[in-house]
Amino acid sequence: MIYGYIRVSTDKQNTENQRFEIKKFTDSKGIVIDCWVKETISGTKNVKDRALSKLLRKIKRGDTLITTELSRLGRSLMQVMSFLHICMEKEIIVLTVKERYELGNNINSKILAFAFSLSAEIERNLISQRNKESLARL
């Protein structure tokens, strides 16, 4: 089974951009999405409170999860790593459209997932810090 996962943080955001990116990617690879999972919730929320948790219980060995980028899975390194760890244990393939990662249950995937999740978290923290500094200046 192939799942497309889309997450936006607020109801002011639109899921269609992510859906378009995933669809463009899958069309180019000849892949068909069997099930779309969409949710509007902050990535800072615990995975157990998200549709992503239901998907983790449902998804099986050999299934594939496609998302636009790792940051859609969680907003912190630990969230993303925890999710990917479960996927690797269950032998689920995670594909990201923007980063072009194919993460499975192998050492290269584990190293890549760690490194890029860490860099994404650092970047989000820097953006947040810059926003706070700008607001303080105003």
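Trainee: Is K98 buried or exposed?
Mentor: K98 counts as exposed, at 52% relative accessibility. Here exposed means over 50% relative accessible area, buried under 20%, and partly exposed in between (1.4 Å probe, protein chains only). Keep in mind that this is a predicted model, where local features need pLDDT of at least 70 and side-chain atom pairs count only at pLDDT 80 or more, while totals for chains, interfaces and linings use all residues. Residues are numbered from 1 along each chain as its sequence is written, and side-chain values use heavy atoms, leaving out hydrogens and water.

Trainee: Which side chain does K98 meet in a salt bridge?
Mentor: That of E69, at 3.3 Å from N to O. A salt bridge is a side-chain nitrogen of Lys or Arg within 4 Å of a carboxyl oxygen of Asp or Glu.

Trainee: And where do K98 and E69 lie?
Mentor: K98 is in the loop between strand 4 and strand 5 (102–103), and E69 is in the loop between strand 3 and helix 3, so their pairing ties together parts 29 residues apart in sequence. Helices (H or I, at least four residues) and strands (E, at least two) are DSSP runs, numbered from the N terminus. E69 is partly exposed, with a relative accessible area of 21%.

Trainee: How many salt bridges does the structure hold?
Mentor: Four. Among them, E91 pairs with R61, with the closest N and O atoms 3.0 Å apart. E91 sits in the loop between helix 3 and strand 4 (93–96), and R61 in the loop between helix 2 and strand 3 (64–67), 30 residues apart. R61 is exposed at 64%, and E91 is partly exposed at 38%.

Trainee: What about D27 and K23?
Mentor: Their side chains also form a salt bridge, 3.0 Å from N to O. They are four residues apart in helix 1 (residues 16–29), so about one helical turn separates them.

Trainee: New topic! Which residues of helix 3 are buried?
Mentor: L77, Q79, V80, F83, L84, C87 and M88.

Trainee: Which residues does F83 touch?
Mentor: Leaving aside residues up to four places away in sequence, F83 touches L52, L56, L65 and L73, where contact means heavy atoms within 4.5 Å.
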